[in-house]
Amino acid sequence: MANFEGKTVIVTGGGGGIGGATSKRFAKDGAKVAVFDMNVEAAQKVVDEIKAAGGVAQAFKCNITDRTEVDAAVAAAEAALGPIAVLVNNAGWDVFKPFVKTVPAEWDKLIAINLTGALHMLHAVLPGMAERKYGRIVNVASDAARGGSSGEAVYSACKGGLVALSKTLAREHARQSITVNVVCPGPTDTALLAGVAEGARDPAKLIEAFKSAIPLGRLGQPDDLASAIAFFGSDDAGFITGQVISVSGGLTMHG
């Protein structure tokens, strides 16, 4: 089990399924967790659960598409919990439809949340990490970035961009002892997947189709992702940077 005692961790989208599980995992391992989310009530619920279990956490309302709000939230988190040692860029959003049926307003929102939001967070946090010569960054992308996914063209493009960005930052900041890695979820039992299923003619049949396609025979759970994210955020992964790992139950087996 990784030890994050004394380290401050930011998790964006921390009030959601994967973000909430990740926040709790870091707190369980001793971190002080800044739970960033647009939905501050959801973030506070995660914080309350962390505190009930004896951990340290605080909720921060943050719209990652707004740079001014990002800078203010990062400053507030550092003032309350200490310098940021680990950043988990987890917040995301998707719309499922064929590319030719999407509209530019949807592209703008997808890019703002899935790519520009991560840029804002990275630009706000990296200078401090570089000055302290320590940092762990974990960007949550998607297997859609690695193999494509029908109905997710712009989302896939954003996540592919996040993968390329991560590799470049890993090179730029390696000499400052900052690692940058990527976790790519496969089908995971979250509200996002439930929303996709609800749009299908037969939601239960779609979920079963996902399960049957996964070699391990089940959907991913938020805790499955939290474990991989925590590993990349730990000093156990201190000699790993610029890498991409799929957490998909074997659905994807990229080389």
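Residues are numbered from 1 along each chain as its sequence is written, and side-chain values use heavy atoms, with hydrogens and water left out. In this predicted model, local features need pLDDT of at least 70 and side-chain atom pairs count only at pLDDT 80 or more, whereas totals for chains, interfaces and linings use all residues.

Rolling a probe the size of a water molecule over the atoms shows where empty space is left. On a 1 Å grid over the protein atoms alone, a pocket is an open set of points where a 1.4 Å probe fits, with protein on both sides within 12 Å along at least five of seven lines, while a cavity is a set from which the probe cannot get out. Grid points are joined across faces, edges and corners, and the volume is the space filled by probe spheres set on the points. The second largest pocket has a volume of about 170 Å³. Its lining, made of residues with an atom within 4 Å of a point, comprises 14 residues, and Lys24, Arg25, Lys28, Ile50 and Ala53 lie nearest the centre. Helices (H or I, at least four residues) and strands (E, at least two) are DSSP runs, numbered from the N terminus. Two helices, α1 (17–28) and α2 (40–52), each supply at least two residues of this lining, and α1 gives the most, with 7 residues. By type, the lining of the second largest pocket divides into 4 nonpolar, 5 polar and 5 charged residues. Here Ala, Val, Leu, Ile, Met, Phe, Trp, Tyr, Cys and Pro count as nonpolar, Asp, Glu, Lys and Arg as charged, and the others, Gly among them, as polar.

A pair of aromatic rings is described by the distance of the centres and the angle of the planes. Rings of Phe, Tyr and Trp (its six-membered ring) pair if their centres lie within 6.5 Å; planes under 30 degrees apart count as stacked, over 60 as edge-to-face and the rest as tilted. By this rule there are 4 aromatic pairs. One of them joins Phe4 and Phe26, whose ring centres are 4.8 Å apart with planes at 65 degrees, so this pair is edge-to-face. Phe4 belongs to the segment before β1 (8–12) and Phe26 to helix α1, and the pair thus links distant parts of the chain, 22 residues apart. Both Phe4 and Phe26 are buried, where buried means under 20% relative accessible area, exposed over 50% and partly exposed in between (1.4 Å probe, protein chains only). Phe36 and Phe60 form a tilted pair, with 5.6 Å from centre to centre and 55 degrees between the planes. Because Phe36 lies in strand β2 (residues 32–37) and Phe60 in strand β3 (residues 56–61), this pair ties together parts 24 residues apart in sequence. Phe36 counts as buried at 1% relative accessibility, and Phe60 counts as buried at 8%. Thr12, in strand β1, is also buried, with a relative accessible area of 1%.

Helix α4 (residues 104–132) has 29 residues, which at 1.5 Å a residue should span 42 Å; the end C-alpha atoms are 41 Å apart, which agrees. The expected span is 1.5 Å times one less than the number of residues. A kink of about 40 degrees is centred on Ala112 in α4, the bend at a residue being the angle between axes fitted to the seven residues ending there and the seven starting there. Arg132, also in α4, counts as partly exposed at 36% relative accessibility. Its C-alpha atom is separated by 32 Å from that of Trp93, 39 residues apart along the chain.

Just after α4, Lys133 takes a positive phi of about 55 degrees. Lys133 lies in the loop between α4 and β5 (135–140) and counts as exposed at 52% relative accessibility. Ser177 likewise has a positive phi, of about 60 degrees, although it is not a glycine. This serine is found in the loop between α6 (153–173) and β6 (178–185), and Ser177 counts as partly exposed at 42% relative accessibility. Ser234, in the loop between α9 (222–233) and β7 (244–247), is buried, with a relative accessible area of 3%.
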